[in-house]
Structure formats: structure tokens, C-alpha cells
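Thank you all for making time this morning.

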Amino acid sequence: MEFAPITREDLPELVRLYQEYLNGGDYIGREAERAFDSGLYFGVKAARDGRVAGLLGFRQELELTYPHPELERELLEILGERRYCSVDCLLVLPDYRRQGLAHELAAHAREELRRHRIDTVQAEIWIYPTGECPAKAPLEALGKVFWQRREERFYPKLKDYGMTCPLCGETCRCGAWIDLIDVSGNDDEKGEESHV
């Protein structure tokens, strides 16, 4: 497996994979293009034989799948002066799942986070209607979770933004963990606050 930074040239494949495996809809392409063109997007990809096997992307802004104003205000207050980014996507293609690739992507992403001088990652981690949450362990392995909240049925307005859930369709029943993860490596500054 080869690992490399995600570049602007990867945008068409990123959007295609996002729409196939994550949220479908034209909104995704527009938002990804905006983030790349603004210099806000970075991440790491895994490839085998020239084909993408997995992606872990970030945006240097506070980003939730769609606006949640009260939660966003709360998160921005907690983030304060920290240098933060949000997880845009963690995607491992079906043929490569359950082989540790998500954890490998997270390990490689740490270098990209250091390069961008990020000390905090905000992660919105989908909880499937079955209760499964496959992205939780690899994303929380990025650092130390110092704030966390579980939100049930976090995506009821998904279709209002022209998106569909890959599991539920237009009426999404998924929940989410909202995490703030200290990736600075400095244990002295890590808090123990947790809101579940």
C-alpha cells in the first residue's frame, strides 16, 4: 500500500467516492471544490496499483455535514485560540475494510496534521442505525479526546441540503459522536472534560 497527500488532482475521485460511499448529492462536489480552491483541504490517501483504497481528509475550518448553529457556537467557544481542523471524510473501500487501513491512514495523517501545525481535530463520527460506528476507533487514535458528545438522529435535515444517507436514503436515522481531539502530543495541556 502506498500513502501520499491528497492533492487538487484527486478532487474528481474524492467527489466520486464521497457520493458513492458517504453523502450523495451535488453539494459535496461544490463544497470540496471550494475547500480545495481556498487552500483549506488536506489529507492522505492510500492506493494500491494506482487505485485509491482509502482516504482521510481534513478541512481547516469548523465543518459539520450541514449547519448546527448552537453546537457550532459551543464548539468554537471551546476551540478558542487552538489551531484546529475538521475531519472531512474517512473512507476505506469495501475490498480493504477490516484490514487496519483506517488506522494506517490515521497514522499517516498525523504527519499532515503536524505539517499544517494543527493541534486539535474536530470529528463528526457517524453512528449507523444498527449502533455500529466503524470510524470511531481510528479517528480517536489521532490523539486524546478531550471533549465529546453523542447526538442521536443528527442528520434529519440531510435532504434539505440535497444529500442522501448511504444507509438510510433521504430520511436519515444515523446519530453522531462529536469529538474534539488533541493531536499536539502535549499531555500537560489535555483536558479531561467530556460531555456525553
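Let me begin with a definition: when I say that two residues are in contact, or that one touches or covers another, I mean heavy atoms within 4.5 Å. This is a predicted model, in which local features need pLDDT of at least 70 and side-chain atom pairs count only at pLDDT 80 or more, while totals for chains, interfaces and linings use all residues. Residues are numbered from 1 along each chain as its sequence is written, and side-chain values use heavy atoms, with hydrogens and water left out.

With that in hand, consider Arg153, which lies in the loop between strand 6 and strand 7; helices (H or I, at least four residues) and strands (E, at least two) are DSSP runs, numbered from the N terminus. Setting aside neighbours within four places in sequence, Arg153 is in contact with Arg173, Cys174 and Gly175. The C-alpha atoms of Arg153 and Arg83 are separated by 29 Å, with the two residues 70 apart along the chain.

Not counting residues up to four places away in sequence, Gln60 touches several others, including Gly39, Phe42, Arg83 and His116. The C-alpha atom of Gln60 is 6.6 Å from that of Tyr41, although these residues are 19 apart along the chain.

Now to strand 2 (41-48) and its partners, where pairing requires that DSSP finds at least two bridges between the strands. Strand 1 (residues 2-5) pairs with strand 2 in the antiparallel sense over 4 bridges, and within that pairing Ala4 stands opposite Lys45. Strand 2 also runs antiparallel to strand 3, to which 8 bridges join it, and Arg48 has Arg51 in strand 3 as its bridge partner. Strand 2 and strand 3 form a hairpin with 2 residues between them, and Asp49 in the turn has a positive phi of about 55°. Why do we call strand 2 largely enclosed by the rest of the structure? It is because 7 of the 8 residues of strand 2 are buried.

Turning to the helices, the buried residues of helix 3 (residues 69-79) are Leu71, Leu75 and Leu79. Seen down the axis of helix 3, these buried residues fall within an arc of 70°, so they line one face of the helix; the arc is that of the directions from the helix axis to the C-beta atoms. On the other side of helix 3, Glu70, Arg73 and Glu77 are exposed. The elements covering the buried residues of helix 3 include strand 4 (84-92), strand 5 (120-127), strand 6 and strand 7 (175-182). Gly80 follows helix 3 and has a positive phi, near 50°.

In helix 1 (residues 11-21), the residues Leu11, Leu14, Val15, Leu17 and Tyr18 are buried. Viewed down the axis of helix 1, its buried residues fall within an arc of 165°, so they too line one face.

What about the interior? A nonpolar core here is a set of buried Ala, Val, Leu, Ile, Met, Phe, Trp, Tyr and Cys residues joined through side-chain atoms within 4.5 Å. The largest such core has 44 residues, of which Leu56, Phe58, Leu113, Val121, Leu139 and Leu142 touch the most other members. Among the elements giving two or more residues to this core are helix 1, strand 2, strand 3 and helix 4 (101-115). A second, separate core of 19 residues includes Tyr66, Leu71, Leu79 and Ile178.

The interior also holds a polar residue, Gln148, which is buried because its relative accessible area is 11%, and which is found in strand 6 (residues 144-151). A polar contact is a pair of N or O atoms within 3.5 Å; within protein, one must be able to donate a hydrogen and the other to accept it, and residues adjacent in sequence count only if both atoms are side-chain atoms. The side chain of Gln148 makes such contacts with the side chains of Glu140, at 2.8 Å, and of Asp179, at 3.1 Å.

Finally, how many disulfides does a search of the whole structure find? The search finds 0, where a disulfide is a pair of cysteine sulfur atoms within 2.5 Å. For Cys89, the nearest cysteine sulfur is that of Cys85, 12 Å away, and for Cys172, it is that of Cys165, 3.7 Å away.

How values were computed: Buried < 20%, exposed > 50% of the residue type's maximum accessible area, 1.4 Å probe, protein only.
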